[in-house]
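Good morning, and thank you for coming.

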Amino acid sequence: MQKIILGFVGLLGSGKGTAAVMLKEKYGAEIHVFSDILKDILRRLGLPISRENLQGLSTSLRTQFGQDLLAKAMAQQVGSAAASLIVIDGIR
C-alpha cells in the first residue's frame, strides 16, 4: 500500500499538532510525534518530561549515536503504520 507522509515543522505552539488532529479527524491520518520517542525514554528513566530534558536527551542521543538516530526510529514506526496517510509532527 502506498502511503502519503506529511512532515510538520515549526516553532513551539505554531499549530503543528492542531493541523495533525484536523487531518486525523477529516482523513483518518495516523499521527506520529517526534518528541514521543524522547518522552518514552524519559518516562522509563523516571525523569520529568520538560522542554529542557527533551532537548538535552535529543542532543545526547544524536551526539552519541548519530544525527539521524531519531529519524531512523521514526522511519521504522511509519513503515509499520497501517494508515495510508501519515502525519509526522515536530520533525527534528
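His32 is buried, since its relative accessible area is 9%, where buried means under 20%, exposed over 50% and partly exposed in between, with a 1.4 Å probe and protein chains only. Please note that this is a predicted model, in which local features need pLDDT of at least 70, side-chain atom pairs count only at pLDDT 80 or more, and totals for chains, interfaces and linings use all residues. Residues are numbered from 1 along each chain as its sequence is written, and side-chain values use heavy atoms, with hydrogens and water left out.

His32 belongs to strand 2, residues 30-33; strands (E, at least two residues) and helices (H or I, at least four) are DSSP runs numbered from the N terminus. Beyond four places in sequence, the contacts of His32 (heavy atoms within 4.5 Å) include Met74, Gln77 and Ile88.

Let us turn to the helices. The axes of helix 2 (residues 34-45) and helix 3 (residues 51-65) come within 10 Å and cross at roughly 100°; axes are lines fitted to C-alpha atoms over the stretch in contact, and angles run from 0 to 180 degrees between N-to-C directions. Helix 2 and helix 3 are therefore roughly perpendicular, the word for 65 to 115 degrees, whereas under 35 is roughly parallel, over 145 roughly antiparallel and the rest oblique. Among the residues making this contact are Leu38 of helix 2 and Leu57 of helix 3.

Finally, Ile88 touches His32, Phe34 and Met74, among others, not counting residues up to four places away in sequence.
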